[in-house]
Amino acid sequence: MASRARRAARAPRPVDLPAHTPRAQGYLWPAEWEPHEATWLAWPHDPLTWPGCVDRAEQAMAQLAAAVSQGETVHMLVKDAATEQRARGMLAAAGARPLRLHRERTADSWFRDYGPIVVARGRGRTRQRLAVDFTFNAWGNKYATLKADDDIPWRTRAVVGIPVVRSALVLEGGSIEGNGRGTLLTTTQCLLHRNRNPHLVREEVELRLREWLGVRHVLWLGEGIEGDDTDGHIDDITRFTGPRTLVTAVEDDPRDRNHAPLEENLRRLRAMADQDGQPLEVATLPMPGRVKAGDGRRLPASYANFCIANACVCVPVFGHRNDAKALRVLRRAFPGRRIVPIRCEKLVEGMGTLHCVSQQVPR
């Protein structure tokens, strides 16, 4: 009778969660450094995103694709035949291995945020994967035309070859970071912002993260960096480099507006533990100073927006004296991978860099 009473007293399952969530089925979100089957990209084309510098964004994309293609398949979305022809020429010039190009119209290139997030269960030949399609509302309804990319996971599902499930939770891939063991890191500025899921409080957001991604431990940092129109995406400030190791951005100049929030995030990280109660090991990454757009706006330039591939780690650099220091930190963090610096002064004019434009598919 007591057990029946306890079951009866449980709160009903939220209406936006299915009875058999990925977590209930044993799925877990793998870490980005685990082996990839492929990485997805979308060729830059929008002159509103890159005013007067689309060609420079294309160059950065070609270099990224070329580096990643040395160790895994690269799928590239191109909006039409003319774009495909141009992309093939630039990719060949950059030394890319053969890529799989798919004609699929996109509003923009931020595949990390609108693409599917793949979770997995089992190992070896018994391993199964599931693509979670979170709701994309263009970073809090900031860009109405970019909401057209919300259905990319469904339009590409035949190529990916992985079943897709839809989640009502508004979430971008750049807002979460995982260690592949059950710990997820995010920011209160983004996932608790009222322009994402205004009907949910923190505990309800955590519940959905656990159920959709299979994680069991959610860690919260505070604010992101100045100039970031995503409301504090984690991939511009703090990244896992191993199950218990991280790098986090710091700003040494106390006069810089990034100094205080990044110091606060560092303080929190040093007091945090992983899903097993083990303390985190934190290394610091410098910031690249004030990278500005042509109109004087500060851009969200950060070395933390690196992309991990099977054979390398591609790192955005900005022609700043801290470029070399950041590359040294990341070489220590990823001793088994080649570190590939890619100049991103123009790519970041679109408000993101290498991690933002990529999304991995775990093997």
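In which sense do β7 and strand β8 pair, and over how many bridges? I looked this up first. β7 and β8 (residues 183-187) pair in the antiparallel sense over two bridges.

**Ground rules.** I am reading a predicted model, where local features need pLDDT of at least 70, side-chain atom pairs count only at pLDDT 80 or more, and totals for chains, interfaces and linings use all residues. Residues are numbered from 1 along each chain as its sequence is written, and side-chain values use heavy atoms, with hydrogens and water left out. My strands (E, at least two residues) and helices (H or I, at least four) are DSSP runs, numbered from the N terminus. I call two strands paired if DSSP finds at least two bridges between them.

**Entry: the open sheet.** I followed three strands in the order β7-β8-β9 and found that they form an open sheet with mixed pairing. β7 (177-178) and β9 (217-221) stand at the edges with a single partner strand each, so one side of each has no neighbour in the sheet. I also checked Glu-177: its bridge partner in β8 is Leu-185.

**Entry: helix α9.** I saw α9 (residues 202-213) lying across β8 and β9, at about 130° to β9. For that angle, axes are lines fitted to C-alpha atoms, for helices over the stretch in contact, and angles run from 0 to 180 degrees between N-to-C directions. Which residues of α9 are buried? I noted Val-205, Glu-206, Arg-208, Leu-209, Glu-211, Trp-212 and Leu-213; buried means under 20% relative accessible area with a 1.4 Å probe, protein chains only. These buried residues pack against several elements, including β4 (117-121), β5 (128-135) and β6 (164-170), where contact means heavy atoms within 4.5 Å. Just after α9, I found Gly-214 with a positive phi of about 75°.

**Entry: around β5.** I turned to β5 next. Six of its eight residues are buried, so to speak mostly covered. β4 and β5 run antiparallel and are joined by five bridges, and Val-118 has Ala-131 in β5 as its bridge partner. The two strands form a hairpin with six residues between them, and in the turn Gly-122 has a positive phi of about 80°. β5 and β6, by contrast, run parallel, with four bridges joining them. I found Thr-135 opposite Val-170 in β6.

Note on methods: Buried means under 20% relative accessible area, exposed over 50%, partly exposed in between (1.4 Å probe, protein chains only).
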